[in-house]
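The sequence and structure are shown first.

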Amino acid sequence: MKHRVLPSIAAVTALVALVGCSKSASDSEKAPAGSTAAVEEVRDVAPALAAYHKEKVMKLWQRPGLSDRDRSLVTVAHLIAGGHTAELSFYVEKALDDGVRPREISEAVTHLAFYSGWQNARAAIPGIKSVFAERDVKKSDLPAVQPDLLSLDRDAEKSRDDDVRSNFGDVSPGVVENTRNVLFRDLWLRPDLKPRDRSLVTVVALVTNGQSEQLTYHLGRAMDNGLTATQAGETLNQLAFYAGWPRVFSALPVVKDVLNSRK
């Protein structure tokens, strides 16, 4: 992996996005780290913040519970879902180095347009495009517009659709129709982001944007798709530093209920 120098940050709080660390001293050259200028800039204003960054946030990336690939995918999904584009290029590069494929990043952007808004997905395009250009990612490396879709679990989809239609069909039939035909019978069946990862980035988007009321269904779906309780818990720990403690504590009761229901 080639070492990258992060751009300077305009605000002290942006240091929280400049994280990363290696698994051991022997592979420290693989660690994402802020530029000396950026670190010095923070020390000149908030030395305690610089210390927290070094002693806590950087060590976050050493923790077990999430693979490097998953931790990068979670972080990139958070930055896209939250519209935080300043450090996105760096983290997309790290994600690629950690094993996330270009087609998976591309598909995550498309998916997150539906779960965090078109504007956030479109705002992510320039930063990702610059990395793809530098890495010589070709259009043939990206998902097809109309791929062969994964098979549909018809019983589960009928149950979900019946529930939504009975509750909201009289309120917004358009939302019900698009939820059925665009999201769950098209977007969720696209093959270039595995169902488990598609669920994971959805959960990240919900936590990032404080939409905990939607977590019960989507975390349950994530676990049906292979996300473990340990991975769910460590995803929240990652997001505590990136999305902030209030967002995570708003999500914790819902996550607790889902995990308890699975025991």
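## A buried charged pair

In this predicted model, R71 counts as buried because its relative accessibility is 0%, below the 20% cut-off for that class. Its salt-bridge partner is E234, with 3.3 Å from N to O between the two side chains. This pair links distant parts of the chain, since R71 belongs to helix 3 (residues 68–81) and E234 to helix 11, 163 residues apart. E234 also counts as buried, because its relative accessibility is 5%.

## Other salt bridges

Side chains of opposite charge can pair when their charged atoms come close. Across the whole structure, a search finds 24 salt bridges. One of them joins the side chains of D98 and K94, at 2.8 Å from N to O; D98 and K94 are both buried.

Another salt bridge connects R196 with D197, at 2.9 Å from N to O. R196 has a relative accessibility of 14% and therefore counts as buried, while D197 is buried with a relative accessible area of 3%. Elsewhere, salt bridges with shared partners join E157, K158, R160, D161, D162, R165, R180 and R185 into one network.

Rolling a probe the size of a water molecule over the atoms shows where empty space is left. The structure holds one cavity of 30 Å³ or more, and the volume of the largest cavity is about 40 Å³. Its lining consists of L200, V203, L219, L227, A232, T235, L236 and V255. Helix 9 (195–208) and helix 11 (229–242) are the elements that each give two or more residues to this lining.

Helix 11 gives the most, with three residues.

## Surface and a contact across the sequence

L252 is located in helix 12 (residues 245–261). Its relative accessibility is 33%, so L252 counts as partly exposed.

K56 is part of helix 2 (residues 47–60). This residue counts as partly exposed because its relative accessibility is 48%. In sequence, K56 and F241 are 185 residues apart, whereas in space they are 9.4 Å apart from C-alpha to C-alpha.

Definitions and conventions: Residues numbered from 1 in each chain as written. Predicted model: local features only at pLDDT ≥ 70, side-chain atom pairs only at ≥ 80, totals over all residues. Heavy atoms only, no water. 1 Å grid on protein atoms, 1.4 Å probe; cavity = no way out; pocket = protein on both sides within 12 Å on 5 of 7 lines; lining within 4 Å. Points joined across faces, edges and corners; volume = space filled by probe spheres on them. Helix = DSSP H or I, 4+ residues; strand = E, 2+ residues; numbered from the N terminus. Buried < 20%, exposed > 50% of the residue type's maximum accessible area, 1.4 Å probe, protein only. Salt bridge = Lys/Arg side-chain N within 4 Å of Asp/Glu carboxyl O.
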